[in-house]
Amino acid sequence: MAIRKLIEEENNNVVSFEVVKPNEPKLTKSSEVKKTPNNNTEERFVEPLTELEDIAKIKEYFKEKIETSTGYEKDIFARNLLLFTVGINSGYRVSDLVTLTWGDFFQADNKTFRDRKSRKEKKTGKIKQLYINKSIEKAITDYLAIMGDKVTVEQDRYIFVNHRVSSDKPICKETVASMIKDVTKACGIKGNYNTHSLRKTFGYQLYMMLTNQGNSLALPIVQQELNHRNQSDTLRYLGLHYKNRAKLVNELSL
C-alpha cells in the first residue's frame, strides 16, 4: 500500500508542459501567411522623384529616344515610358506593376478604359485600387499608336513584356531596376533610385499635392493608398521624417 500511495503522489506532482512549435508563421483570417514589412529592406533606402521637373525630364528623354530609335530599341523605349508613367501614377510595387494586363485597364471590349480596377497586392495580400487617370490613359493611347500591329490588346495579355525575347512573358524586376538607374543617370538626376522609386514618387507627389491644397488628411490618405499599417511607416517610407527632423533642428538654433 505504501508503494501504491507513493506512486499516486508522484503522479499528482507531475507538471505538464505545452509543446511549442518554433517558427510557426502567423496566419491571416483567410488562412494565408501573414506578411509584415521589414523596415530594413532595400525599399527604405531609395528615394522618390521629388521634383516635377525631373519627372518631366525623364518623360522627354524617353520621347526623344522613341523618335530617334528604330526596331526593338524603339519598342523598348516606348514600353519604358509607359511603365514609368503607370508606375508613378498607380503606386504599385514593381512585383505588381510588371504583371499588369490589358484587362486591368480596358473593359471586355478591349477599347473602353475602366475607371478603376481592384487588384490584390502580391507582397501583402491586401486589395489596392488601380485608378486609370488621364495621364495613364494618354500614355496607353500613345503607346498603342507607336506600337501598332506589334501589340495585341487582350484581357489576359501582359503589357510590359520583353520585346526582344517574348511577347507573352512580363519583364523582370531587374529589367525595371536597370531602366530606372539608367534613365536617372542619363538625365543627370542625382540620388539613389531603384524600382521602389516609382511607388515612392506616387506617394510623395500625392502627399505634396494634398498638403499644398491645405488638406489636413494628406498623411492618412497617402497611408491608405500605400496600404501602410500606420502613419509613421508612411513618413519613413517617403523620407519625410528626415526632412521634418532636419527642419525642426535647424529652426531650433539655440
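**Exercise 1. Helices H3 and H7**

Is the crossing of H3 and H7 left-handed or right-handed? Then describe how the two helices pack.

*Solution.*
Step 1. H3 and H7 cross in a right-handed way (right-handed if the near helix is turned clockwise from the far one by less than a right angle, left-handed if anticlockwise).
Step 2. The model is predicted: local features need pLDDT of at least 70, side-chain atom pairs count only at pLDDT 80 or more, and totals for chains, interfaces and linings use all residues. Residues are numbered from 1 along each chain as its sequence is written, and side-chain values use heavy atoms, with hydrogens and water left out.
Step 3. Find the elements. H3 covers residues 71-90 and H7 covers residues 196-212 (helices, H or I, are DSSP runs of at least four residues and strands, E, of at least two, numbered from the N terminus).
Step 4. Their axes lie 6 Å apart, at an angle of about 45° (axes are lines fitted to C-alpha atoms, for helices over the stretch in contact; angles run from 0 to 180 degrees between N-to-C directions).
Step 5. H3 and H7 are therefore oblique to each other (under 35 degrees is roughly parallel, over 145 roughly antiparallel, 65 to 115 roughly perpendicular, the rest oblique).
Step 6. On the H3 side, Leu-83, Phe-84, Gly-87, Ile-88, Asn-89 and Ser-90 make the contact. On the H7 side, Leu-198, Arg-199, Thr-201 and Phe-202 meet them (contact means heavy atoms within 4.5 Å).
Step 7. Sort the residues of this contact: 5 are nonpolar, 4 polar and 1 charged (Ala, Val, Leu, Ile, Met, Phe, Trp, Tyr, Cys and Pro count as nonpolar; Asp, Glu, Lys and Arg as charged; the others, Gly among them, as polar).

**Exercise 2. Helices H2 and H3**

At what angle do H2 and H3 cross, and which residues meet?

*Solution.*
Step 1. H2 spans residues 52-68. The axes of H2 and H3 come within 8 Å and cross at roughly 160°.
Step 2. H2 and H3 are therefore roughly antiparallel. Their crossing is left-handed.
Step 3. Ile-55, Ile-58, Phe-62 and Ile-66 are among the H2 residues that take part. The H3 partners include Phe-77, Leu-81, Phe-84 and Ile-88.
Step 4. The contact of H2 with H3 holds 9 nonpolar, 2 polar and 4 charged residues.

**Exercise 3. Helices H7 and H8**

How do the axes of H7 and H8 cross?

*Solution.*
Step 1. H8 runs over residues 218-226. The axes of H7 and H8 come within 9 Å and cross at roughly 155°.
Step 2. H7 is therefore roughly antiparallel to H8. The crossing is right-handed.
Step 3. From H7, the contact includes Arg-199, Phe-202 and Leu-206. From H8, Ala-218, Val-222 and Glu-225 are among the residues involved.
Step 4. The count for H7 with H8 is 9 nonpolar, 2 polar and 2 charged.

**Exercise 4. One face of H9**

Which residues of H9 are buried, and where does His-196 lie?

*Solution.*
Step 1. H9 covers residues 231-238, and Asp-233, Thr-234, Tyr-237 and Leu-238 in H9 are buried (buried is under 20% relative accessible area, exposed over 50%, partly exposed in between, with a 1.4 Å probe and protein chains only).
Step 2. Seen down the axis, the buried residues of H9 fall within an arc of 120°, so they line one face of the helix (the arc is that of the directions from the helix axis to the C-beta atoms).
Step 3. Gly-239 follows H9 and has a positive phi, near 80°.
Step 4. His-196 sits in H7. With a relative accessible area of 11%, His-196 is buried.
Step 5. His-196 and Tyr-237 are 41 residues apart in sequence, yet 9.9 Å apart in space, C-alpha to C-alpha.

**Exercise 5. Lys-128 and two asparagines**

Is Lys-128 buried or exposed? Where do Asn-227 and Asn-110 lie?

*Solution.*
Step 1. Lys-128 belongs to strand S2, residues 127-131. Its relative accessibility is 3%, so Lys-128 counts as buried.
Step 2. Beyond four places in sequence, Lys-128 touches residues including Tyr-92, Glu-121, Glu-225 and Asn-227.
Step 3. Asn-227 lies in the loop between H8 and H9. At 17% relative accessibility, Asn-227 is buried.
Step 4. Most residues other than glycine have a negative phi. Asn-227 has a positive phi of about 60°.
Step 5. Asn-110 also has a positive phi, near 60°. Asn-110 is in the loop between H4 (94-97) and S1 (116-120). Its relative accessible area is 23%, so Asn-110 is partly exposed.

**Exercise 6. The whole chain**

How many helices and strands are there in the protein?

*Solution.*
Step 1. The protein has 10 helices and 4 strands.
Step 2. Of its 254 residues, 37% are buried.
Step 3. Take the contacts with a separation of 6 or more: residues 24 or more positions apart account for 62% of them.
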